[in-house]
Amino acid sequence: MSELQAIASTLSHDFIAINETWLDLNGRHLPAEVSIKGYVLHNVDKPSHSNRGGGSPIYVKEKLQPQIKTKRATEKSEILHLNIQPHPGQTINIVLVYRNPTCTAIEDDEFYDCLDTILSTPYETLIMGDFNLPHINWTTRQSQAPGSKLIDLMNTNSLQQHVNEPTTGNNILDIVMTTTDLSINGLKITDKIGDHQMIDFSLEVQDPNTRTQHKQVLDYKRANFELMKEELGSYNYEVLMNNKNAEECYMILKDKIATATDHHIPRKLIRPTNNPPWFSQEIKRLINTRQHSYRRLKRYQTKPHCQEHIHACRAVKRTIKSTKRNKEISVAAQAKTNPKSFYKYVNDRRLKRDTIGPLIDSEGSTQTNNKSKAKILNTYFTSVFTHEDLTEIPQSHVLNTQKHCQIAYLQ
């Protein structure tokens, strides 16, 4: 315990997870004996301590506000599931597991079914622990039973496994898995604690407040165009633009319009989304149900689970078809009274234009950022410009007409 406290003080990790302990908070040990300052301790105890190992504790920094969601323990397996909040409004599943190598096929089914239930939640998930599956080929992600069940769980839930070095002897027994939007950096296998080596890594978590920004747009429905016209008409543009060239006149006019827009057109916040215009929360719920039924079908392969998945697939197709049809009927019916909605729907269906790909500069280097690509294109366009002879520039003359208009012409 002292070594663990020293490691925590030295490395200052946000969470520390341990497998195969003799920790007994209900009898032999007091919470004060195993506490670490600044951390919250959660533990899952086995039903008895007759076998090796007494539980799987995890220490989590208090600032992450850990909350226990699932505790499952048998004689041969343990699952401790909690939520953390690294940023306001963001929740991540942290799952610590232990699987005994003598687990039966039925015990494995119950074990992976519990993990599958956790993975069906709408949060990103980190799973770590001792699975005791030394015969998995992590290069090809293939294995015979019992490792094949873990591979199936990873494939159906798009999990990534990050440990590529042995953690016990020549075997990879302790693994770290994440869902697609979580990144692991700096993973390394360090010194042993007990008979297993430590796995040290950083979990890269992006602040959702910076990842999903609201966009501020003009709300033309609440605009006061009459007052805007009055403000723009109150300026004496002859005085403002006296002795100014075209560029300066344009900037003056642009500034006045922007000022009037700020005064008389309010703004509103919208959340950027890539969802189609007919997408709804009901469709999202049905798709999640279908995915969960598919995972159960892959695991159990029984006729009732097959029928359940077929019904879920049909429900998704039926709801999408009817929702999309109703949306298009509504848009078409309002095409004359609300043309903006009609053209917005049509434009959403258009294919996006391809962006400019990487370009090679004069030195043969490949440039990918926008500023460098703009410079390359500008250099090329200026190279094909016509070079005028500025030594013989024609003189302009003014011709007075009967309408007293001044017309410039070139000789």
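Contact here means heavy atoms within 4.5 Å of each other. Helices (H or I, at least four residues) and strands (E, at least two) are DSSP runs, numbered from the N terminus.

This is a predicted model: local features need pLDDT of at least 70, side-chain atom pairs count only at pLDDT 80 or more, and totals for chains, interfaces and linings use all residues. Residues are numbered from 1 along each chain as its sequence is written, and side-chain values use heavy atoms, with hydrogens and water left out.

Let me start with the whole chain. The protein chain has 411 residues, and 31% of them are buried. Buried means under 20% relative accessible area, exposed means over 50%, and partly exposed is in between, with a 1.4 Å probe and protein chains only. The secondary structure comes to twelve helices and 17 strands. If we take contacts between residues at least 6 apart in sequence, 55% of them join residues at least 24 apart.

Next, the sheets. Two strands pair if DSSP finds at least two bridges between them. In general, strands of a sheet pair through backbone hydrogen bonds, either parallel or antiparallel.

Strand 1 is joined to strand 3 (residues 55–61) by three bridges, and F15 has V60 in strand 3 as its bridge partner.

Another open sheet has six strands in the order 4-5-6-7-9-8, and its pairing is mixed. Which strands stand at the edges? They are strand 4 (67–73) and strand 8 (160–161); each has a single partner strand, so one side of each is left without a neighbour in the sheet. Inside this sheet, strand 5 (residues 77–84) and strand 6 (residues 92–99) pair in the antiparallel sense over eight bridges. S77, for example, has R99 in strand 6 as its bridge partner.

Now helix 3. Helix 3 lies across strand 4, strand 5, strand 6 and strand 7 (124–130), and runs at about 170 degrees to strand 6. Helix 3 also packs with helix 4 (residues 147–157): their axes come within 10 Å and cross at roughly 20 degrees. That makes the two helices roughly parallel, the word used for angles under 35 degrees, with over 145 counted as roughly antiparallel, 65 to 115 as roughly perpendicular and the rest as oblique. The crossing of helix 3 and helix 4 is right-handed. A crossing is left-handed if the near helix is turned anticlockwise from the far one by less than a right angle, and right-handed if clockwise. Among the residues of helix 3 that meet helix 4 are Y112, L115 and L119; on the helix 4 side, they include L150 and L153.

That brings us to the core. A nonpolar core is a set of buried Ala, Val, Leu, Ile, Met, Phe, Trp, Tyr and Cys residues joined through side-chain atoms within 4.5 Å. The largest one has 42 residues, and I94, L115, L126, M128, F131 and L150 touch the most other members. Helix 3 (residues 105–119) gives the most to this core, with six residues. Another core, of six residues, lies apart from it and includes L23, V34, I36 and Y39. What does I94 contact, leaving aside its neighbours within four places in sequence? The list is F15, I58, L80, H81, L82, I84, L126 and M128.

Helix 6 (residues 225–233) and helix 8 pack at about 150 degrees, with their axes 9 Å apart, and the crossing is right-handed. I257 is found in helix 8 (residues 246–264) and is partly exposed, with a relative accessible area of 37%. Not counting residues up to four places away in sequence, I257 touches M228 and L232. I257 and L232 are 25 residues apart in sequence and 7.1 Å apart in space, C-alpha to C-alpha.

Finally, the axes of helix 9 (residues 281–300) and helix 10 (residues 303–333) come within 8 Å and cross at roughly 160 degrees. The two helices, helix 9 and helix 10, are therefore roughly antiparallel, and their crossing is left-handed.

Technical notes. Axes fitted to C-alpha atoms, helices over the stretch in contact; angles between N-to-C directions.
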